[in-house]
Amino acid sequence: MLSAINVCLELDGNSSTTSTILSEKVSSLPKEIFDFSYPEIQEALLTLLGNENSFQSHVQLTQGYCLDFEILMDTNRKIALTSTEANQLKGDPNLKRIAVLCPPSTAFYNPSRHPKGRLAMKIRHLNQLGYQVILVSYKEFQKLEKEEAVLFFKRQIFLAENI
């Protein structure tokens, strides 16, 4: 709880201590740590982006937040960058960051699907860190055909209206 308050203070600029770069990643965590993966989402992203190096799964940020998937895009949002290309542009403020989150259905107010509690705070913080957040209801996503799943991500990632 206190760490969440500290992150809120840092991101709102009210902290008396200066932190390191807020959007710095701790690591890409090994998949064995997680008790659940999202193979359908990973397959849809792979089909859309064409390269498994164009996105990372289970990325841990220094603030303690974990992203299910992270995609880094060029300034014009035309292509997804590989991790090597993204490392070369690490300090570039025009680098577009996309966080794909797969929260449980309990993280939403029903039936509106509006995020509540910690998820709402996480989205707010990720937006302040420069991420566009894409929320995916995994149960609903599993019901989609492969083409529909790819189209869903294509709309969310590449269309200019979502910037």
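I began with Phe141, which counts as buried at 5% relative accessibility. The model I am reading is predicted.

**Phe141 and its partner.** I looked up the ring pairing of Phe141 and found an edge-to-face pair with Phe152, 6.2 Å centre to centre and with 70° between the planes. Phe141 sits in helix α5 and Phe152 in helix α6, so the pair ties together parts 11 residues apart in sequence. Phe152 is partly exposed, its relative accessible area being 23%. I also noted that ring pairs link Phe141, Phe152 and Phe153 into a cluster.

**Other ring pairs.** I counted 5 aromatic pairs. One of them is Tyr38 with Tyr138, edge-to-face, at 4.8 Å centre to centre and 75° between the planes. Tyr38 lies in the loop between β1 and α2 and Tyr138 in helix α5, so this pair joins parts 100 residues apart in sequence. I found Tyr38 buried at 12% relative accessible area, and Tyr138 buried at 9%.

**Helix α6.** I checked the length of α6, residues 146–158: its 13 residues should span 18 Å at 1.5 Å a residue, and the end C-alpha atoms are 18 Å apart, which agrees. Its buried residues are Ala149, Val150, Phe153 and Ile157. They cover an arc of only 95° around the axis, which puts them on the same side of α6. I listed what these buried residues pack against: α2, β3, β4, β7 and α5.

**Asp68.** I placed Asp68 in strand β3. Asp68 is buried yet has no salt bridge; Lys122, the nearest side chain of opposite charge, is 6.0 Å away. Beyond its neighbours within four places in sequence, I found Asp68 in contact with residues including Tyr38, His58 and Cys102.

Key. Residues are numbered from 1 along each chain as its sequence is written. This is a predicted model: local features need pLDDT of at least 70, side-chain atom pairs count only at pLDDT 80 or more; totals for chains, interfaces and linings use all residues. Side-chain values use heavy atoms; hydrogens and water are left out. Helices (H or I, at least four residues) and strands (E, at least two) are DSSP runs, numbered from the N terminus. The expected span of a helix is 1.5 Å times one less than its number of residues. Buried means under 20% relative accessible area, exposed over 50%, partly exposed in between (1.4 Å probe, protein chains only). The arc is that of the directions from the helix axis to the C-beta atoms. Contact means heavy atoms within 4.5 Å. Lys and Arg count as positive and Asp and Glu as negative; His and the chain ends are not counted. A salt bridge is a side-chain nitrogen of Lys or Arg within 4 Å of a carboxyl oxygen of Asp or Glu. Rings of Phe, Tyr and Trp (its six-membered ring) pair if their centres lie within 6.5 Å; planes under 30 degrees apart count as stacked, over 60 as edge-to-face and the rest as tilted.
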